[in-house]
Structures are given as structure tokens and as C-alpha cells.
Amino acid sequence: MRGRDDSRQDPLQVLRRVSSETRRRVLFRAYLGYARGVGTTTALLDECRRRSGRGTDVVVGSYRVHGDPARELRDVEVLGASRARPVEMHLDVDAVLARNPEVVCIDDLADAQTDGRPRLEAVARLLGAGISVLATVHLLSLRSVAVAFASILDEVSPRPAIEDGALEAIDELELVDITPADLLVRLREQRVLSPADLAIALQRELRLSTLEALRESAFRIIAEHADRQLVGFMRETGVDTPWEVRGRIVLCIPPERGLEDRIKRAHAYAAGQDAKFSVVSVRARQLTDEEKGWMGGYAALTHQLGGEYVHLHGRSVASALVDYIHESLATEVILGHRRRVRRLPGDTTSEVIRRLSGVDVHILRAAPVA
């Protein structure tokens, strides 16, 4: 008998499946903001007004505004709100389903519903019911970004985190952009934050250098989202030749000692190309405990550098590598050639080079033993 916890489906998996099944008839759009005050809520409400003005049945399911609610929410239908609208309203997904609009606007995907459950669960239910979802998401609500900036901000965000994989279910991800300098002027001129909160934030996430780094991360996330959508389109249409939007560089490593420098060099090269970076190893036999220790260290280093570590299994190392390279649509491959005077016709490096086409191959020779 399965336990109660086992019977509950993973909300992220449900969201991906429902989004995929309904992609042609409903839309999931999100506005991404890299800091408070950039204008994601304003962009969301403007789109709500635009759609409503052309005859679409749109309601606002949740919001948080900094100015006068009557002014900020003018000309939009707010679900269940009276004339005296509060500055914040939480999402009641059952009320939205009962109202059954064509489109619902949800401010801040990381927040909870009225029953305390994650809003991503609500999105899956709404999409499954045929309701399009417009939403906002804050950059620091993404788990990977929150972890990466925790040391810079001297704290871990208390806000609920959204797994990065949730972005895969979004049909349209739009960055609401403003330069850091203009944002700071806006925050000082408008009452987005209280004077006390603004003073604290200016020493943390609103420092100019931090804002610039956050904005750069937001640009990268938008590029990665576009890249994923293009790769998905290519696969749906049967295209299997790499089409470079953002490079994908794969480093292939054997179970050997002392490859940390090779991984760092390959990562530096990928960073210089503004490309995604993956480290791949193939297990064609049982590894010793020592070899397992080496590979675990390489995986940890790769993740620390922001790359992806992939461990494959296969009788033929060359075949496993070539299949992965084709499947991932890699644009460049870096092979760590073992110390030999020359390549042999049947070795892994020669076989990979022979079977790859349309992919640049680089060979990194190991440093000679002193």
C-alpha cells in the first residue's frame, strides 16, 4: 500500500505536463523582474487592461501594489474585491475556477494561495481548466539565483523559492527591464519602499553593483529560455543539426586523477563564448572507490562553476558520448586526450572525431609528467 505522501504528485511535474498538453489552446506568460520596483506588476496590469479592452474576459486573481489601489487597478476586474480595495490580495484558485475567465492575472508566482499552498499548483489547475495565466516572477525567487546571491546579500531570502525547472512550462517569458541607475532614481522619487526599507535595501540588493549583476542574470535566464524553446521547436520539427543561438560546450572526461584544471580551463573557455557548459563522463566498467571519489569531486566542481555534470553508462564510451552530443545539440566538444605519442585508429578520441559532424572538436592534452 502506498503512503499518503507517495500518492501526491510533484507539482512541478504536473505543471510541465498540463502546460505541454494545453500549449496550443491556453497561454502561460510571465513577466520577470530583476529587482523590486522595476515594474512587473505594472506590466501585468497594463496587459490585463489591453486584453480586456479588446473583448477578452480577464480578471485579476492576486496583486500587490505600492500606490493607490484605486488608481493602480483602474479599468480592471479584480476577483471578489469591493470598492475599497486593499493594497494586496492573495490568490483564491477555487474562486477563479468558479468565475472561469478566459485569462487570470497572478502577481508574484512565489507567493502562496489563500490556503497556503504554492501558487504553481494553482497554475497547473488553471491551465488544465483552459484558463490562460499571466503572472509575475521575481528573479530572487528562483532557487538557483537566491543561492548564488545569498553571500552577496548577506542573507538567504525568506521568500518561498521556485525551482528553475518551472520556467520550462512558461510559454512566454518577458523581461521587464530598466537600467539600475534609472531604477534607483525611481525608488527614491516614488513610494515603492518605505524610507526605512529603502535605506536597508540600498546596502543589500539595491547596491548598484548588485543590481547590475542581477540584471545580467536576468538577461541570461531570458536567453536560456529562448534557447530551450528553440531546441524544443527543432526537435518537434525533426531538426537534429545544431542551430547556434547560445553555444553548448561539452567537456568529456575519463575517470582519471587531477582533472580539476582541465575542467576550469574548459569552463573559462565556455564563459568567454557566453555558452552553456557541461562535463560528461561515461561509465563503461565498474569504478574503483578511488575513481568514484575523483568523479564526485569533478561533479561538485562543475556545479560550483555553474555547469551541468552528466554521468552516462554504456559499453562503448565513444557511442555514449556521440549520442549525448547529438541529443544535447552541442556546438563544441572538448576531449581530454590521454598521454600518447599519437592517436590510434580505434581509440575513443579518434572514434568520436570520426563520428561527429557539424560540431567543433577541441583536444586538450594533459600536462606532461615531470
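This dialogue shows how to read several features of a predicted model.

Q: How many disulfides does the structure hold?
A: A disulfide is a pair of cysteine sulfur atoms within 2.5 Å. The structure holds zero. Cys-48 is in none; the nearest cysteine sulfur, that of Cys-105, lies 3.9 Å away.

Q: Is Cys-48 buried or exposed?
A: Buried means under 20% relative accessible area, exposed over 50%, and partly exposed in between, with a 1.4 Å probe and protein chains only. Cys-48 has 1% relative accessibility, so Cys-48 counts as buried. Cys-252, at 6%, is buried too.

Q: How is strand pairing read, and which strand pairs with S8?
A: Strands (E, at least two residues) and helices (H or I, at least four) are DSSP runs, numbered from the N terminus. Two strands pair if DSSP finds at least two bridges between them. Here S8 (residues 276–283) pairs with S9 (residues 308–313) in the parallel sense over six bridges. The chain passes from S8 through helix H12 (residues 289–304) to S9 in a right-handed β-α-β crossover. Right-handed means that, with the strands pointing away from the viewer, the path from the first strand over the helix to the second runs clockwise.

Q: Which residue in S9 stands opposite Val-280?
A: In a regular strand the side chains alternate between the two faces of the sheet. In this model, Val-310 of S9 is opposite Val-280.

Q: What is the phi of Asp-75, and where is Asp-75 found?
A: Asp-75 has a positive phi of about 60°, although it is not a glycine. Asp-75 is in the loop between H4 and strand S3 (88–89). Its relative accessibility is 64%, so Asp-75 counts as exposed.

Q: What is the phi of Asn-100?
A: Phi of Asn-100 is near 55°, again positive in a residue other than glycine. Asn-100 sits in the loop between helix H5 (93–99) and strand S4 (103–106). At 46% relative accessibility, Asn-100 is partly exposed.

Q: Where is Gln-273 found?
A: Gln-273 is in the loop between helix H11 (260–272) and S8. Gln-273 has a relative accessible area of 44% and is therefore partly exposed.

Technical notes:
Residues are numbered from 1 along each chain as its sequence is written. This is a predicted model: local features need pLDDT of at least 70, side-chain atom pairs count only at pLDDT 80 or more; totals for chains, interfaces and linings use all residues. Side-chain values use heavy atoms; hydrogens and water are left out.
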